[in-house]
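Dear colleague,

Please find below the structure for your review.

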Amino acid sequence: MNTELLGPTCAMLSAVTWSIGISAYTSLSKNHEASTINFSRAITALPLFFLATAAGLFGATTGLSGYSEIASHHFYWLTASMIASYAFGDVLILKSIACIGLPSALAISSVYPLWSALASVLFRGEQLGYSQINGLFLVVIGTALVILSRRNSQQTVAEKKNQTKGILLALATSLLWALNTYAVAEGGSGLPPTITNTIRMVLAVLLCPTIGYFMSGTKKIILPWPDMKKSLWIFALEGFGGSSLFIYGMTHSNLAVASALSSIAPVITVPIA
């Protein structure tokens with residue numbers, strides 16, 4: 001494959017793994033707190049990234065150079081990334097799904113490429129072509145259609161409030177996910193993807209139970225073994241495979257392009273759901 005296309009392709013494939021993952025996480029969230037699910041995702045993926053990093057350490061292309069290039073700004077940006085995704089963003093999306101359903105919540109939250117594109121132009125000096133701008137407008141139009149399609153004049157006051165809450169939560173998620181894409185692009189720059197993801201998962205293991213306790217008061221850190229055992233494959237697929245694709249895509253592509261390609265999850269999620 002052309003190396004110029006590898007980054008965007010990885011970003012697009014990360015949407016596939018996220019679509020599969022979020023469908024499973026939605027089911028788990030009926031009985032478990034989002035922070036517990038996210039901690040379980042991270043604790044499953046972390047050993048896999050340790051192994052991948054160790055393998056890269058002895059590889060001919062990486063060696064020790066990846067570690068020697070780690071600087072404080074990498075930690076700052078990757079911490080912001082995990083706060084915006086595992087600790088908060090992925091919690092809010094599950095709460096939004098509970099209010100307005102999986103396809104609608106994911107479609108609304110997937111406007112995050114707009115904010116990512118704006119940040120990439122303002123702060124990274126990236127240029128957007130006409131086709132990229134048109135694609136971003138299509139995201140907005142599609143999202144508006146999703147919101148309008150859910151309007152129902154027969155809804156009760158309580159149902160309308162719940163719908164409004166779900167839409168607001170999904171929009172808040174979009175801002176956090178945009179921060180995640182930008183922070184990953186900055187924090188992962190110059191680092192091997194395996195090292196970037198190892199750092200991210202260590203941070204997730206620390207942040208998820210801490211923030212989860214303050215958000216919901218839950219003291220249950222990890223899923224019960226029966227649920228954990230059934231979910232190991234999805235945590236490995238999405239937490240390890242999906243994160244690997246996402247990081248590579250965000251750090252080897254134009255940020256606006258990569259974030260837009262990673263946001264096609266709603267298209268895939270509908271048949272899965």
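**Second largest pocket**

Helices α8 (130-149) and α12 (255-261) each supply at least two residues of the lining of the second largest pocket. Helices here are DSSP runs of H or I with at least four residues, numbered from the N terminus. The largest share of this lining, five residues, comes from α8. The pocket has a volume of about 170 Å³, and its lining consists of S131, Q132, G135, L136, V139, A256, V257, A260, L261 and S263. By class, these divide into six nonpolar, four polar and no charged residues. Ala, Val, Leu, Ile, Met, Phe, Trp, Tyr, Cys and Pro count as nonpolar, Asp, Glu, Lys and Arg as charged, and the others, Gly among them, as polar.

A pocket is an open set of points on a 1 Å grid over the protein atoms alone, with protein on both sides within 12 Å along at least five of seven lines; a cavity is a set where a 1.4 Å probe fits but cannot get out, and lining residues have an atom within 4 Å of a point. Grid points are joined across faces, edges and corners, and a volume is the space filled by probe spheres set on the points.

**Basis of the values**

This is a predicted model, in which local features need pLDDT of at least 70 and side-chain atom pairs count only at pLDDT 80 or more, while totals for chains, interfaces and linings use all residues. Residues are numbered from 1 along each chain as its sequence is written, and side-chain values use heavy atoms, with hydrogens and water left out.

**Largest cavity**

The count comes to one cavity of 30 Å³ or more. About 330 Å³ of space lies in the largest cavity. Of the 21 residues that line it, W18, D90, N180, E238 and F246 are the closest to its centre. Helices α1 (3-28), α4, α9 and α11 each supply at least two lining residues. The lining has seven nonpolar, ten polar and four charged residues.

**Aromatic contacts**

A search of the whole structure finds eight aromatic pairs. Rings of Phe, Tyr and Trp (its six-membered ring) pair if their centres lie within 6.5 Å; planes under 30 degrees apart count as stacked, over 60 as edge-to-face and the rest as tilted. One of the pairs, F49 with F240, is tilted, at 4.6 Å centre to centre and 45° between the planes. Because F49 lies in helix α2 (residues 34-57) and F240 in helix α11 (residues 225-251), this pair ties together parts that are 191 residues apart in sequence. F49 is buried at a relative accessible area of 1%, whereas F240 is partly exposed at 25%. Buried means under 20% relative accessible area, exposed over 50%, and partly exposed in between (1.4 Å probe, protein chains only).

W77 and Y182 form an edge-to-face pair, 5.5 Å centre to centre with 65° between the planes. This pair links W77 in helix α4 (residues 72-87) to Y182 in helix α9 (residues 157-187), 105 residues apart. W77 is partly exposed at 28%, and Y182 is buried at 11%.

**Helix α5**

Ten of the twelve residues of α5 are buried, among them D90, L92 and C99. The helix is followed by G101, whose phi is positive, near 95°.

Yours sincerely
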